[in-house]
Structures are given as structure tokens and as C-alpha cells.
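Please read them beside the structure.

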Amino acid sequence: MPTPPQLTKTSLREWTNRHLNFTQKIEGLYDMANGVYDSRLAAYNAMTDAVQNFIRQAIADNTTVRALGAGWSLSRVAATPGRMLNTKALNLIFNITPGSVAPAYAGAPDHLLLAQCGVSIQELNRFLEQKKQCLPTSGASNGQTIAGALSTGTHGAAFDVGAIPEFVVGLHLITGPDRHIWLERASYPVIADALAQRLNAELIRDDALFNAALVSFGSFGFIHGVLLETEPLYLLESHRLRLPFDARMQQLMGSLDFDRAVGLPQGTGRPFHFQVTLNPYDLDDGVYVNVKYKLPYPDEPRGFWDDFGPGDDAPAIIGKLGDVLPALVPFTVNQLIGSQYKPFSAKLAPPGDTFSNTTTYGKVLSAAIGIALPDVLPVTEMLLQLNRTEGPFNGVFAHRYVKRSSATLGFTAFAPVTCVLELDGVESKRNQRFCQKVWAALDALQIPYTFHWGKIGEITPARLRVAYGQNVDAWLRARKALLDPGAAVVFAHPLLTEWGLDDVEISGHIA
């Protein structure tokens, strides 16, 4: 006898995210589990039906629903005052057979993978390594679920590849109690019509709708499945080194012109990954440069596993700083970075073992903005000056570089490459005020910028319009076209209203 899927209400009435920077009062948290059926596809389809029934009940109760991944986001957009669905156990993975791809698809079916929403990046890495494949890129950590990482535009620093949305080629969206769709680009059809029929999904091929849904932070419905394009397994040669913060380095940070030597391990060779971390209290000794080179995967690779690996970024350790008096900030930052963020060279590992962190320490404030390359140097100068006059910021600043996103509201929005400027520090009111001063200074200088959807920010309708222009209207049109009108209240969110992306009023007792 089949065992039906489970959506079990827990006793929790509060939920705290992974980085401990906020707690959300909730109506209820529900643990989800796939049922047991004769086939994994039957179990997957049964969960689709169960989610639709859950949405139907939420509409009747006039409450909101949010899918919860790993809780990695620092932004409140990942939570809801209504009902939260814990998707972590929804981790089915399907290979795609040649008979299940569209005739026009020119890629290799063996490099397509359908992941249920709760599959973690870590699980994907392990599964793919058995096939001698890997994800084209990832964030600095691998604890996120694929749907959660996608929905906020999670990125690394692979500046010729882009963020996670760039290798997603299909979405299975549950948009209401009586509708669920398979969505992909018309310009890039991937699955055969028959596969959509086996999922009982309405097939929609539309570039504008797909690009809008890629980064939609849970507001286009319940993302049940994500279709990924993978690539052959490769090796990363990782280095972290101190280099002078001189004119050559600053020129590189503002241009990504690797033709001029600055002391990188492969000279003027173009790396796969490039990141610069500034400790504002130790710039005389240079900046930390994280650089990775992509190599063919050998038969017997030399692995690298450590408490703090070559793919980790500052938020993984910054919580250890603690909130201290302003006079002590330079000393404590120097002590922590000096002991925990040490240089290394030529560490070899596949991507899944390079970006392997699943832990954080203490309460963290991590804010990030996207800026254009020509603005990198003036913004960096402004940031350091502001730290001298309005700081000290209890943390460090990092520059990561990401290819422009195809997502309508992808925050890596500047072509050809966006610099993601990160302010990583301790969660404190003083650091929050400093970040607010940074946003105000950018506005005063009239420098265009975007906010990372999954990190701390201060998004307003005016700032959103400056950053994205007509893309805001395109995103709103797509949401209206895809989301069932009856389900609008279910996938509403107070932050969306603040940002000018939702006009649905949420019932008072849960807002």
C-alpha cells in the first residue's frame, strides 16, 4: 500500500534563521515528507497534490504560506507570519533520459537533472560527483536548498559563469490550488511535452515569464522542482594571498583586466574565481585575494578538507568577533582575521569540496550590494572614508565578481560583470546604522546599485525603480500572469508591499 505524503504541523510558533539575525513569529511550521509509492515520480506527483490542498486550505483561512529551505537567508523575505513549509525532506533527484527532452534541445540529456525543492547544494554535489559531473558554480556555502539558493540569486565569484539562476533551465511551479505549471524559455526549450504531461503540469514556454520567476523569493508560488544543466566534473586550484592595495590592485578591482600582473599565482592568466577582501584596519599589509583556477579533473585528485576551507567567505567566521566597544574594533577584527583567514596556496579539490561550509558562528550581519565595474573604486574609497568618519564597522569588506544575471530582478544586474560589495560583520545596532549611512551615501552620489535579496538591505520602491527600471513592471506582469488570483494572498509578504512589489493586504492578526 502506498504511504501518502505528510505535512505535519509542529509546535513551533517562532522561527529563527540560520544566521540568528532575526526571529519571526509564525502561525505554524509544517514538516513535509514525501510519501512511499511504487515510483519516485508517483511520490513527487502526490506531493504536488498535497501542496495544492495546503494552498487551498490557506486560501480558505486567509493566511500566507512560505516554503522554507535551509534558513540561510538573512533577509526576512524567506519567512512569513503565516504558515511555513519545511521542505528539507523533499530531496528527490531525477536524471533526465534522452526520450524526455525536447527535439530542439541541443544539449546532452545526461547533463540535465531535476531536483526537488528541498535538495541541498551539498546533496547535489555528492550526487553529481558519482556521475563525474558538477554544478557550474555555487555560493560560498553548500548548506542552502536549491530552491532557496535560486530564489534570492545566490552567487559565488565565478565571473564568467554567473550566479545559480544561470544554470537553471526549467521550473515546476505550484501557483494555486488548481494549477501548477512547467515553465521554461521559448528560446531554449528543454523537456519534451510528454514529461510535462507525466508531471500533470501545464507546459508554458515564455522567456519573459521564466526570467521573472527565476529570482522571485517565493512569491510566484511554491517551487516544487528545479531543472539544472550540469557540466563535467572539474578541479579548482585555490589560493588565498596578501597583495598590496596599490594602484595596480585597485585598477584590477575596477576593471577585471588581468593583462597586467599584480602577483597572482598564474600571472596574467584569467582565473575562474576572483575575490578581494579588505580588512580596513590592516590595509598597510595589503588585501586578501581569493583566486581559483579551473583545471581538468584528474583520475586521482588531491583533496582538501579543513575546518575552514578554501571556498569559505567571511560570514562563516565573522560571528566570532562579538559586539565590542568601538575603540576595540580594529584590534578584535585584526586578531580574528589574522588567526582565521590565513593565506594558503594551490589547494586542489572539486567544487563540492571547495565550497563545503555548512556552519556559521554567532550572530552575523551580512549586507551586499551590486555595482557596476566603473563604480568599484569610487565606492570603495567612499566606504573606507565613511568607516573613518562614521565607523568603525565591526567587520570586513569584500568584493566578489559575478556575470550579469538573466533574471529580471537578478541583483547581479550590471553588465558585463557585477561587483558584489559585501559588508560582513557582527549583528549590532552600530553596524546596522553604518550600513544605512552607506546606502544614503550611494544615493547622494547618485551611484546605481542593487541589494542582495537574501541579505540585509533597505529596499524602497524608489530605490527599486532606480535599480531595475522597467524590469519592475515586467516582473509584476509575470507574477500576475502566473499566480492564481485566489492564491495572491497566500504568497503575499509584508516586505513585498514595502518594496512596491505587492498590493495585497494581509490579515491583521498575522501581519
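1. Tyrosine 30 stands opposite leucine 85 in E6. Strand E4 (residues 28-33) pairs with E6 in the parallel sense over four bridges; two strands count as paired if DSSP finds at least two bridges between them. Helices (H or I, at least four residues) and strands (E, at least two) are DSSP runs, numbered from the N terminus.

2. This is a predicted model, in which local features need pLDDT of at least 70 and side-chain atom pairs count only at pLDDT 80 or more, while totals for chains, interfaces and linings use all residues. Residues are numbered from 1 along each chain as its sequence is written, and side-chain values use heavy atoms, with hydrogens and water left out.

3. Strand E5 (residues 65-68) also runs parallel to E6, joined to it by four bridges. Here alanine 67 stands opposite leucine 85.

4. Both faces of E6 (residues 83-86) are covered. Arg83 and Leu85 are buried on one side, Met84 and Asn86 on the other. Buried means under 20% relative accessible area, exposed over 50%, and partly exposed in between (1.4 Å probe, protein chains only).

5. Helix H13 (residues 471-482) has twelve residues. From first C-alpha to last, H13 reaches 16 Å, close to the 16 Å expected at 1.5 Å a residue; the expected span is 1.5 Å times one less than the number of residues.

6. Which residues of H13 are buried? They are Val472, Trp475, Ala478, Arg479 and Leu482. Seen down the axis, these buried residues fall within an arc of 130°, so they line one face of H13; the arc is that of the directions from the helix axis to the C-beta atoms. The face turned away from the buried side carries the exposed Arg477 and Lys480.
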